[in-house]
Amino acid sequence: MAEERISAEELYEQFYQPFGMEGARKLINEAIAEAGLLPKKDYAKEEALKICEVLKKKSGFVKTIANLYSVRLKLHHSK
């Protein structure tokens with residue numbers, strides 16, 4: 001069975017409410033670069049978790065959302 005992929009759009013959507021789409025895209029794209037990944041349309045679960053790990057180092061809403069989303073990825077996305 002092929003590994004489920006997480007779209008970049010899904011990552012952006014996690015941060016849309018507090019930061020707007022432009023802010024969410026900037027935040028995620030910076031985290032992608034900091035995680036040593038290249039921008040692309042979708043990511044393996046492990047890559048998405050790596051992006052979340054970068055975001056967990058931030059403070060406030062970013063850290064909280066990254067923590068919640070990483071748990072959701074671990075629980076609901078198949079391996």
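User: Leaving aside its neighbours within four places in sequence, with which residues is Pro-18 in contact?

Analyst: This is a predicted model, in which local features need pLDDT of at least 70, side-chain atom pairs count only at pLDDT 80 or more, and totals for chains, interfaces and linings use all residues. Residues are numbered from 1 along each chain as its sequence is written, and side-chain values use heavy atoms, with hydrogens and water left out. Pro-18 lies in helix H2; helices (H or I, at least four residues) and strands (E, at least two) are DSSP runs, numbered from the N terminus. With contact defined as heavy atoms within 4.5 Å, the partners of Pro-18 are Phe-61 and Ile-65.

User: Is Pro-18 buried, partly exposed or exposed?

Analyst: Buried means under 20% relative accessible area, exposed over 50%, and partly exposed in between (1.4 Å probe, protein chains only). Because its relative accessibility is 37%, Pro-18 counts as partly exposed.

User: How far apart in space are Pro-18 and Phe-61, C-alpha to C-alpha?

Analyst: Along the sequence, Pro-18 and Phe-61 are 43 residues apart. Their C-alpha separation in space is 7.7 Å.

User: At what angle do the axes of H2 and H4 cross?

Analyst: Axes are lines fitted to C-alpha atoms, for helices over the stretch in contact, and angles run from 0 to 180 degrees between N-to-C directions. The two axes come within 13 Å, and their crossing angle is roughly 75 degrees.

User: Is H2 roughly parallel or roughly perpendicular to H4?

Analyst: Angles under 35 degrees count as roughly parallel, over 145 as roughly antiparallel, 65 to 115 as roughly perpendicular and the rest as oblique. The crossing angle is roughly 75 degrees, and therefore H2 and H4 are roughly perpendicular.

User: How many nonpolar residues does the contact of H2 with H4 have?

Analyst: From H2 come Pro-18, Phe-19 and Leu-27, which meet Phe-61, Val-62 and Ile-65 of H4. Ala, Val, Leu, Ile, Met, Phe, Trp, Tyr, Cys and Pro count as nonpolar, Asp, Glu, Lys and Arg as charged, and the others, Gly among them, as polar. On that basis the contact has no polar residues, no charged residues, and a nonpolar count of 6.

User: How far apart are the axes of H2 and H3?

Analyst: H2 and H3 pack at an angle of about 105 degrees, and they are therefore roughly perpendicular to each other. The distance between their axes is 9 Å.

User: How many charged residues are in the contact of H2 with H3?

Analyst: On the H2 side are Leu-27, Ile-28, Ala-31, Ile-32 and Glu-34, and on the H3 side Ile-51, Val-54 and Leu-55. The classes are 7 nonpolar and no polar, and the charged count is 1.

User: How many salt bridges does a search of the whole structure find?

Analyst: A salt bridge is a side-chain nitrogen of Lys or Arg within 4 Å of a carboxyl oxygen of Asp or Glu. Under this cut-off, the number found in the whole structure is 6.

User: With which residue does Glu-9 form a salt bridge?

Analyst: The closest N and O atoms of this pair are 3.0 Å apart. The bridge links distant parts of the chain, from helix H1 (residues 8-14) to helix H2 (residues 16-34), across 16 residues. Glu-9 is partly exposed at 35% relative accessibility, and its partner is Arg-25.

User: How far apart are the closest N and O atoms of Arg-72 and Glu-10?

Analyst: Arg-72 and Glu-10 form a salt bridge, with Arg-72 in helix H4 (residues 60-76) and Glu-10 in helix H1, 62 residues apart. Arg-72 is partly exposed at 37% relative accessibility, whereas Glu-10 counts as buried at 17%. The closest N and O atoms are separated by 3.7 Å.

User: By about how much of the helix are Glu-30 and Lys-26 separated?

Analyst: These two residues form a salt bridge with closest N and O atoms 2.8 Å apart. Because they are 4 residues apart in helix H2, their separation is about one helical turn.

User: Which residues does Leu-11 touch, not counting those up to four places away in sequence?

Analyst: Leu-11 is found in helix H1 and is buried, with a relative accessible area of 2%. Its partners are Ile-6, Ile-28, Tyr-43, Ala-48, Ile-51 and Tyr-69.
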